[in-house]
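Colleague: I have a model open and want to learn how to read it. Can we go feature by feature?

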Amino acid sequence: MRWWHPPVYRPLVDLSTMEERHILVTYRLDRATIQELCAQLEPDLMSAIRHPTGIPHLVQVLSVLHFLASGPFQTTVAMASGMSQPMFSNVLSRVLSALLKHMCSYIVFPQVENLPTVKGNFYALGRIPNIIGAINGTHVAFVPPAGVNRYTETRKATIQQMCMTLTF
């Protein structure tokens, strides 16, 4: 007769043993920011852990940050994090939902009346026209969703309208 033993999760990701440079390259955030983010998301992610062998919230957040920073297949990130691809898919969904709840505290768009000043300052830095923000030094094309009029009748960009209609 074989006895059934519950699976024991052994995380392969340990933030405390990693060098700061490796953390920045792998997750695109520094150690302090990741720890702050984990603390903020912990209440949302702890409800998903039903038993002591569940995946710790830190590993969930690190796995999703790695996926977002590198963009490989889910299977690759899941294996690097010590979980199966279906489990990572569930973790990805939970962490992204938790992140969306706190999105406004991390993503800030300039007010419409400040756009000319912001564009001018960015142009002075890099000679690239019409830039209204930067994300980790990465160029991101900000295009409104289909069907959204980009200009009001006064020809000013309606950033707030575009942001409210974006879906993730």
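Modeller: Start with the secondary structure. This is a predicted model, and the protein comes to 7 helices and 0 strands. From the N terminus on, the elements run α-α-α-α-α-α-α.

Colleague: What is the average pLDDT of the protein?

Modeller: The average is 75, and 68% of the residues score at least 70.

Colleague: Where does pLDDT stay under 50?

Modeller: General idea first. Where pLDDT is low, the predicted coordinates should not be read in detail. Here pLDDT stays under 50 over residues 151-168. The model has 29 contacts beyond four places in sequence for that stretch. Helix 7 is assigned to residues 159-165.

Colleague: And the protein as a whole? What share of its residues is buried?

Modeller: Of the 168 residues, 26% are buried. Now take the contacts with a separation of 6 or more. Residues 24 or more positions apart account for 51% of them.

Colleague: Next, a single helix. Which residues of helix 1 are buried?

Modeller: An α-helix has 3.6 residues a turn, so residues three or four places apart point the same way. In helix 1, residues 20-27, the buried residues are Ile 23, Thr 26 and Tyr 27. They cover an arc of only 75 degrees around the axis, so they sit on the same side of helix 1.

Colleague: Which residues are exposed on the other side of helix 1?

Modeller: Arg 21 and Val 25 are exposed there.

Colleague: What covers the buried residues of helix 1?

Modeller: The cover includes helix 2 (31-46) and helix 3 (57-70).

Colleague: Now helix packing. At what angle do helix 3 and helix 5 pack?

Modeller: Two packed helices are described by the angle between their axes and the distance between the axes. For helix 3 and helix 5 the angle is about 90 degrees, and the axes are 9 Å apart. Angles of 65 to 115 degrees count as roughly perpendicular, so helix 3 and helix 5 are roughly perpendicular to each other. Helix 3 makes the contact through Gln 60, Val 61, Ser 63, Val 64, Phe 67 and Leu 68. Helix 5 brings Phe 88, Val 91, Leu 92, Arg 94, Val 95 and Leu 96. The residues of this contact divide into 9 nonpolar, 2 polar and 1 charged.

Colleague: How do helix 4 and helix 5 pack?

Modeller: Helix 4 (residues 74-81) and helix 5 (residues 85-101) pack at about 95 degrees, with axes 9 Å apart. Helix 4 and helix 5 are therefore roughly perpendicular to each other too. Gln 74, Thr 75, Val 77 and Ala 78 of helix 4 meet Gln 85, Phe 88, Ser 89 and Leu 92 of helix 5. The contact of helix 4 with helix 5 divides into 4 nonpolar, 4 polar and no charged residues.

Colleague: Which helix holds Pro 86, and is Pro 86 buried or exposed?

Modeller: Pro 86 lies in helix 5. Pro 86 is exposed, with a relative accessible area of 52%. The C-alpha atoms of Pro 86 and Gln 74 are separated by 8.8 Å, at 12 residues apart along the chain.

Colleague: Last topic, backbone angles. What phi does Arg 28 take?

Modeller: Most residues other than glycine have a negative phi, and most peptide bonds are trans. Arg 28 has a positive phi of about 60 degrees although it is not a glycine. Its place is in the loop between helix 1 and helix 2. At 43% relative accessibility, Arg 28 counts as partly exposed.

Colleague: And what phi does Asn 130 have?

Modeller: Asn 130 has a positive phi of about 60 degrees and is not a glycine. Asn 130 is found in the loop between helix 6 (115-126) and helix 7. With a relative accessible area of 59%, Asn 130 is exposed.

Notes
Residues are numbered from 1 along each chain as its sequence is written. This is a predicted model: local features need pLDDT of at least 70, side-chain atom pairs count only at pLDDT 80 or more; totals for chains, interfaces and linings use all residues. Side-chain values use heavy atoms; hydrogens and water are left out. Axes are lines fitted to C-alpha atoms, for helices over the stretch in contact, and angles run from 0 to 180 degrees between N-to-C directions. Helices (H or I, at least four residues) and strands (E, at least two) are DSSP runs, numbered from the N terminus. Angles under 35 degrees count as roughly parallel, over 145 as roughly antiparallel, 65 to 115 as roughly perpendicular and the rest as oblique. Contact means heavy atoms within 4.5 Å. Ala, Val, Leu, Ile, Met, Phe, Trp, Tyr, Cys and Pro count as nonpolar, Asp, Glu, Lys and Arg as charged, and the others, Gly among them, as polar. Buried means under 20% relative accessible area, exposed over 50%, partly exposed in between (1.4 Å probe, protein chains only). The arc is that of the directions from the helix axis to the C-beta atoms. pLDDT is the predictor's confidence in each residue, from 0 to 100.
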